[in-house]
Amino acid sequence: MRLVITDVTEMSTGNYCVAGWRAHTQQMVRPLPGGGNWTLARLQNHGVAPGATVQFQPTGQAHPGAFPHSTEDIPVDVNAIQLVNAGPINWIGAGSPVIFGTVAAAFGNHVANNNQWNGVLQGVYVAAGAQTRSLGAIQIDRNAIELVESFEKLKAVVDDGHHEYQLAVSSKVLKEAWRQGGLNAARQALPGAARYHVRLGLARPFGNPADKCYMMVNGVHG
């Protein structure tokens with residue numbers, strides 16, 4: 001199973017998630033080494049980064065998760081991960097990973113929110129168990145996304161032409177830049193392109209009860 005890596009996200013310190021585009025079947029896949037998440041050492045040892053092409057071997061076992069994440073979750077053999085090409089790839093244009101017209105369309109119109117502030121939707125989520133995907137992407141102009149800080153966390157305000165959304169940023173690249181140099185460093189880590197391919201993903205169910213999968217910006221590419 002050959003994947004173009006599209007998402008590398010930091011879930012917590014030393015705990016990462018990876019996703020990729022399988023062009024052969026036109027689907028997104030979340031490869032889970034040994035059924036779990038990734039360590040920094042494993043990412044570095046195999047050159048796993050956005051734009052790289054990596055070969056995986058599914059274990060044949062189903063991940064015991066639920067929708068929406070079970071749409072993409074596939075356990076893979078830890079010992080059979082192989083870098084094919086370090087990249088980069090064409091993020092916008094022919095052969096690029098699939099995109100959707102709006103944030104809502106990316107998740108089968110299952111998107112909801114807890115509140116809004118000055119017209120910007122906050123606490124954006126998809127209900128746990130929704131029969132939809134947990135990974136998607138949109139294309140927008142570079143001025144349609146702004147990185148901000150809110151409650152000492154890195155966020156992105158994304159305008160898809162229909163709504164504005166404030167989303168947590170889980171992108172490994174952007175979070176590392178932000179920790180090292182603050183908001184200006186994170187902004188400088190954005191691509192210089194006029195158009196962006198913005199990766200969107202859902203966190204695992206959260207809350208009490210754990211019934212909401214909150215949306216995040218998994219990466220910004222140009």
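Pro68 is placed in the loop between β4 and β5, where helices (H or I, at least four residues) and strands (E, at least two) are DSSP runs numbered from the N terminus. The peptide bond that leads from Phe67 to Pro68 is cis, with omega near 5°.

The structure is a predicted model, in which local features need pLDDT of at least 70 and side-chain atom pairs count only at pLDDT 80 or more, while totals for chains, interfaces and linings use all residues. Residues are numbered from 1 along each chain as its sequence is written, and side-chain values use heavy atoms, with hydrogens and water left out.

Now for the overall picture. The protein chain contains three helices and 14 strands. Its C-alpha atoms fill a box of roughly 50 × 40 × 35 Å along the principal axes.

Two residues other than glycine have a positive phi. Gln26 has phi near 55° and belongs to the loop between β2 and β3. With a relative accessible area of 55%, Gln26 is exposed. For Glu152, phi is near 60°, and the residue is found in the loop between β10 (145-150) and β11 (153-159). Glu152 is exposed too, at a relative accessible area of 75%.

The next stop is strand β1. Eight of the 11 residues of β1 (residues 2-12) are buried, so the strand is largely enclosed by the rest of the structure. Strands count as paired if DSSP finds at least two bridges between them. Seven bridges join β1 to β2 (residues 15-22), and the two run antiparallel; here Glu10 stands opposite Tyr16 in β2. The hairpin of β1 and β2 has two residues between the strands, and within this hairpin Gly14 takes a positive phi near 75°. β1 also pairs with β4, again in the antiparallel sense, over three bridges, and Arg2 stands opposite Gln55 in β4.

Buried residues of α3 include Trp178, Leu183 and Ala186.

Aromatic rings complete the tour. Rings of Phe, Tyr and Trp (its six-membered ring) pair if their centres lie within 6.5 Å; planes under 30 degrees apart count as stacked, over 60 as edge-to-face and the rest as tilted. By this rule there are three aromatic pairs. One of them joins Trp38 and Phe56 edge-to-face, at 6.2 Å centre to centre and 90° between the planes. Trp38 lies in the loop between β3 (27-33) and α1 (40-46) and Phe56 in the loop between β4 (53-55) and β5 (73-76), so this pair ties together parts that are 18 residues apart in sequence. Both Trp38 and Phe56 are buried.

Tyr125 and Tyr214 also form an edge-to-face pair, at 5.9 Å centre to centre with 65° between the planes. Because Tyr125 lies in strand β8 (residues 120-127) and Tyr214 in strand β14 (residues 212-221), the pair ties together parts that are 89 residues apart in sequence. Tyr125 counts as buried at 15% relative accessibility, whereas Tyr214 is partly exposed with a relative accessible area of 23%. Ring pairs link Tyr125, Phe206 and Tyr214 into a cluster. Lys212 lies over the face of Tyr125, at 4.7 Å from the ring centre; a charge sits over a ring if NZ of Lys or CZ of Arg is within 6 Å of the ring centre and within 35 degrees of the ring normal.

Terms used: Buried means under 20% relative accessible area, exposed over 50%, partly exposed in between (1.4 Å probe, protein chains only).
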